[in-house]
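Here is my note on the model, written as numbered points for a reader who is new to this kind of work. Please keep the structure open beside the text while reading.

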Number of protein chains: 2
Amino acid sequence: MKVTILGNNSALPAYGRHPTAQAVSVYGEVLLIDCGEGTQIQMQKYDLRWRSMHHIFISHLHGDHYFGLPGLITSMSLLGRTAPLHLYAPGPLKPIIESILAVADNVLSYPFYFHPLPDTTALLVDDSAFSVTCFPVDHRIQCHGFLVERKTRGRKLLPDKCREYEIPSSWYEHLKKGEDYERKDGLLVKNEWVTADGPAVKKYAYCADTLYSEAYLPVIQGADTIYHECTYLEADKAKAVARYHSTAAQAAQLAKLANARQLLLGHFSSRYKELEPFREEAAAIFPNVLVSAEGTAYEV
Amino acid sequence: MKVTILGNNSALPAYGRHPTAQAVSVYGEVLLIDCGEGTQIQMQKYDLRWRSMHHIFISHLHGDHYFGLPGLITSMSLLGRTAPLHLYAPGPLKPIIESILAVADNVLSYPFYFHPLPDTTALLVDDSAFSVTCFPVDHRIQCHGFLVERKTRGRKLLPDKCREYEIPSSWYEHLKKGEDYERKDGLLVKNEWVTADGPAVKKYAYCADTLYSEAYLPVIQGADTIYHECTYLEADKAKAVARYHSTAAQAAQLAKLANARQLLLGHFSSRYKELEPFREEAAAIFPNVLVSAEGTAYEV
């Protein structure tokens with residue numbers, strides 16, 4: 001499970017940093033979180049395939065988080081996409097997209113489903129391989145974070161061993177659940193003889209844009225990786241508060257309280273060219289911290 | 001007078017080519033024609049200053065011609081722009097922009113004027129330095145070309161000569177108009193002694209997206225430079241017709257009939273990686289032809 005950063009700047013593009021977008025890859029599926037201007041070009045550049053993407057999540061309706069969406073949606077249609085696409089976003093985006101398609105006399109080539117985000121914490125997708133939950137954060141307008149959970153796919157079968165013990169393929173699903181197998185000759189084949197540990201459950205929490213808040217701590221508790229916005233440094237905390245944003249120290253404090261394994265910093269203001277001070281400020285509170293870089297895929 | 005190409009691809013970004021946008025620089029003013037996704041980033045990259053831009057023209061409402069507009073408009077506001085901005089675009093774009101600002105709870109920092117394009121040929125801007133005229137072209141939805149005319153600023157004063165002949169500055173405007181000056185001592189100072197030729201009148205015609213059509217030939221007649229779309233080569237003419245686009249040969253034919261000095265080709269389909277065949281096809285009909293390249297500023 002990886003997250004590829006496509007844009008990590010706040011508001012304005014600057015210093016080669018694009019507005020917010022990131023792709024979470026889980027079992028071959030690509031989940032797009034936010035879609036700032038230029039996302040379709042960034043996805044091409046970093047070889048993220050639209051064909052593997054069926055779900056897009058938009059945190060809120062400030063332009064730096066969704067102005068790349070109309071282009072992405074229509075480009076996939078021009079290329080003849082047929083697979084369905086699900087968009088989870090604040091409700092007022094729906095008529096805007098409908099108008100954009102209508103004035104272009106454009107009908108999408110694929111089924112497109114709009115799911116308005118509720119005001120509360122809610123399970124949005126519950127697939128056999130992963131789930132996505134939204135949770136409210138505290139911004140100037142309605143805004144959500146997202147928790148992506150990779151599910152275990154159960155025990156991993158060892159094909160050679162399964163054959164050696166002559167286990168019928170009809171029993172494989174039971175093996176994945178950890179069950180033993182009793183052969184007709186009476187031999188009890190222990191599960192651990194023919195399986196290995198499968199992929200672990202993993203949790204990735206995306207928290208942007210928000211004032212420092214512990215309200216959503218229960219949702220992100222124990223996350224393997226937290227991406228948290230830090231538009232400002234502590235020295236500019238007054239600006240952070242006035243604009244409903246966080247500082248690097250606050251992001252670190254939250255990661256610490258959440259017992260996260262790793263913290264990824266992002267959503268940097270254009271006032272900062274150098275980002276090392278963000279890492280330093282956060283590391284004093286939460287050591288396992290990284291400054292996210294565009295084009296890098298981070299293991300969750 | 002120059003035109004800087006910010007994007008010259010049709011529909012999809014491909015091979016590093018961006019969707020359509022271009023900036024016409026005339027006497028220090030920057031006129032933006034179309035605004036595909038990524039235009040604000042392209043303007044930064046090629047050092048075109050937003051401060052010098054007060055007019056934006058959108059040919060039609062296919063996304064590859066305006067999806068960069070919301071980002072550009074809001075970024076200028078975030079940077080505290082105060083100068084007015086005039087947008088000339090098909091009327092249905094107005095409520096879309098209003099909705100985009102409303103859902104972000106965003107009020108622009110500067111006066112923003114929306115001018116809906118009429119269905120006819122019409123003078124949109126008539127400044128002392130330049131004028132812009134729109135003219136209907138033939139596309140699947142309402143679409144306009146634009147003619148930008150640089151006006152002469154009259155005769156160019158030669159300051160040393162003006163002082164030598166002791167001409168009062170109050171007479172300078174008369175000199176620019178080509179008038180002579182009669183001194184109190186009776187000497188008639190001939191205009192050509194104290195002035196030189198000023199900048200010539202120049203015409204730049206932007207023609208995209210359109211089927212081949214001679215309907216707008218009277219408007220673009222005698223243009224110094226014509227930018228004409230050529231989404232396809234003649235070999236794919238059936239596609240051009242079906243999709244309301246032109247071929248390189250047709251663009252050349254029109255430039256020839258218009259007695260243009262120079263033809264700039266653009267709006268290439270993503271099916272073509274190499275563009276030299278476009279130049280060759282057009283040059284057989286109209287020799288003074290260039291394949292437009294992103295980031296290049298062409299003298300009109």
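**Notes on a predicted model**

1. Helix H9 of chain B is followed by Asn259(B), and the phi angle of Asn259(B) is positive, near 55°.

2. Seven of the ten residues of helix H9 (residues 248-257) of chain B are buried, so the helix is largely enclosed by the rest of the structure. The buried residues are Ala248(B), Ala249(B), Gln250(B), Ala251(B), Ala252(B), Leu254(B) and Ala255(B). They pack against strand E15 (225-229), strand E16 (262-266), helix H10 (276-283) and strand E17 (289-291), which belong to chain B as well.

3. In chain A, helix H9 (residues 248-257) lies across E15, E16 and E17 of that chain, and its direction is at about 155° to that of E16(A). Helix H10 (residues 276-283) of chain A also packs on the sheet, where it touches E16 and E17 of chain A and makes an angle of about 165° with the direction of E17(A).

4. The sheet itself can now be described. It is an open sheet of seven strands in chain A, with the order E7-E8-E9-E14-E15-E16-E17 and mixed pairing. At its edges are strand E7 (122-126) and strand E17 (289-291) of chain A, each of which pairs on one side only. From one strand to the next, the twist averages 20°. As background for the next two points, strands of a sheet pair through backbone hydrogen bonds, and they do so either parallel or antiparallel.

5. The parallel case is shown by strand E15 (residues 225-229) and strand E16 (residues 262-266) of chain A, which are joined by five bridges. Within this pair, Tyr227(A) stands opposite Leu264(A) of E16(A).

6. The antiparallel case is shown on both sides of strand E9 of chain A. Strand E8 (residues 130-136) of chain A is joined to E9(A) by seven bridges and runs antiparallel to it, with Ser131(A) having Glu149(A) as its bridge partner in E9(A). Five bridges join E9(A) to strand E14 (residues 202-207) of chain A, again in an antiparallel manner, and here the bridge partner of Arg150(A) is Lys202(A) in E14(A).

7. Is strand E9 (residues 144-150) of chain A mostly covered or mostly open? The strand is mostly covered, since seven of its seven residues are buried. In a regular strand the side chains alternate between the two faces of the sheet.

8. A loop residue gives another example of burial. Asn8(A) lies in the loop between strand E1 (2-7) and strand E2 (21-26) of chain A. With 26 other C-beta atoms within 10 Å, Asn8(A) is buried, because 20 or more are needed for that label. Asn8(A) and Leu265(A) are 257 residues apart along the chain, yet their C-alpha atoms are separated by 8.6 Å. If residues up to four places away in sequence are not counted, Asn8(A) touches Arg17(A), Thr20(A), Gly266(A), His267(A), Phe268(A), Ser292(A) and Glu294(A).

9. Chain A as a whole has ten helices and 18 strands, and buried residues make up 46% of its 300 residues. Its domain assignment gives domain 1 (2-153 + 199-299) and domain 2 (156-195), and the C-alpha centres of these two domains of chain A lie 41 Å apart.

10. The last point concerns the two chains together. Chain A can be laid on chain B with an RMSD of 0.1 Å by a turn of 180° and a shift of 0.0 Å along the axis, which is the relation of a two-fold axis. Of the residues of chain A, Gly38(A) comes closest to that rotation axis, its C-alpha being at 2.8 Å. In the interface, 28 residues of chain A are in contact with 28 residues of chain B. Helix H3 of chain A gives the most to the side of chain A that touches chain B, with six residues, and the residues of that side divide into 16 nonpolar, nine polar and three charged. The copies meet through the same surface, because 100% of the interface residues of chain A are also interface residues in chain B.

Note on methods
Residues are numbered from 1 along each chain as its sequence is written. Chains are lettered from A and ligands numbered from 1 in the order in which they are written. This is a predicted model: local features need pLDDT of at least 70, side-chain atom pairs count only at pLDDT 80 or more; totals for chains, interfaces and linings use all residues. Copies are superposed by least squares on the C-alpha atoms of residues with pLDDT of at least 70 in both. Two residues are in contact if their C-beta atoms, placed from the backbone, lie within 7 Å. Domain bounds come from an automatic or database domain assignment. Two strands pair if DSSP finds at least two bridges between them. Helices (H or I, at least four residues) and strands (E, at least two) are DSSP runs, numbered from the N terminus. Axes are lines fitted to C-alpha atoms, for helices over the stretch in contact, and angles run from 0 to 180 degrees between N-to-C directions. Ala, Val, Leu, Ile, Met, Phe, Trp, Tyr, Cys and Pro count as nonpolar, Asp, Glu, Lys and Arg as charged, and the others, Gly among them, as polar. A residue is buried if 20 or more other C-beta atoms lie within 10 Å of its own, exposed if 12 or fewer, and partly exposed in between; C-beta atoms are placed from the backbone.
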